[in-house]
Amino acid sequence: MSVLQTFTPSALIVTDRAVTKVQSLKAEENNEDLKLRVYVTGGGCSGFQYGFSFESEMAEDDTPVSRDGVTVLIDSLSLSLIHISEPTRPRLISYAVFCL
């Protein structure tokens with residue numbers, strides 16, 4: 001007899017490199033309670049704009065994704081937009097970035 005299993009994917013995948021970078025940025029700020037916020041804003045003709053910031057508080061509609069002491073927050077609207085987006089590879093890499 002087989003058992004029905006469900007699979008719930010993670011809202012975001014937090015890579016080893018992202019964990020290392022966020023941990024170093026938290027250390028620079030001397031605040032281990034900081035959480036990385038990922039958000040999406042409208043971009044008009046150029047599409048959506050993706051942003052990142054640090055926050056110490058979680059909002060009511062946030063989905064937290066935690067890994068190795070790093071918490072990433074994403075609000076419900078941004079989460080729905082990221083789920084329908086297709087990640088792309090940056091063409092010019094002249095500074096450190098987080099990629100979706």
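Buried means under 20% relative accessible area, exposed means over 50%, and partly exposed lies in between (1.4 Å probe, protein chains only). The views below show a predicted model in which local features need pLDDT of at least 70, side-chain atom pairs count only at pLDDT 80 or more, and totals for chains, interfaces and linings use all residues. Residues are numbered from 1 along each chain as its sequence is written, and side-chain values use heavy atoms, with hydrogens and water left out.

**View 1. Strand β4 is covered on both faces.** Helices (H or I, at least four residues) and strands (E, at least two) are DSSP runs, numbered from the N terminus. In a regular strand the side chains alternate between the two faces of the sheet. In β4 (residues 70-75), V70, V72 and I74 lie on one side and T71, L73 and D75 on the other, and all are buried.

**View 2. Strand β4 pairs with β1 and with β3.** Two strands pair if DSSP finds at least two bridges between them. β1 and β4 run parallel and are joined by three bridges, whereas β3 (residues 62-67) and β4 are antiparallel, with six bridges. L73 is the bridge partner in β4 of R37 and also of P64. Two residues separate β3 from β4 in a hairpin, and D68 in the turn has a positive phi of about 50°.

**View 3. R37 and D62 meet in a salt bridge.** A salt bridge is a side-chain nitrogen of Lys or Arg within 4 Å of a carboxyl oxygen of Asp or Glu. For this pair the N to O distance is 2.5 Å. R37 lies in strand β1 and D62 in strand β3, so the pair ties together parts that are 25 residues apart in sequence. R37 counts as buried because its relative accessibility is 9%. The side chain of R37 also has a polar contact of 2.8 Å with that of E55; such a contact is a pair of N or O atoms within 3.5 Å, where within protein one must be able to donate a hydrogen and the other to accept it, and residues adjacent in sequence count only if both atoms are side-chain atoms.

**View 4. R67 and D16 form a salt bridge.** The N to O distance is 2.0 Å. The pair links distant parts of the chain, with R67 in strand β3 and D16 in helix α1 (residues 16-29), 51 residues apart. R67 counts as partly exposed because its relative accessibility is 27%. D16, R67 and D68 are linked in a network of salt bridges.
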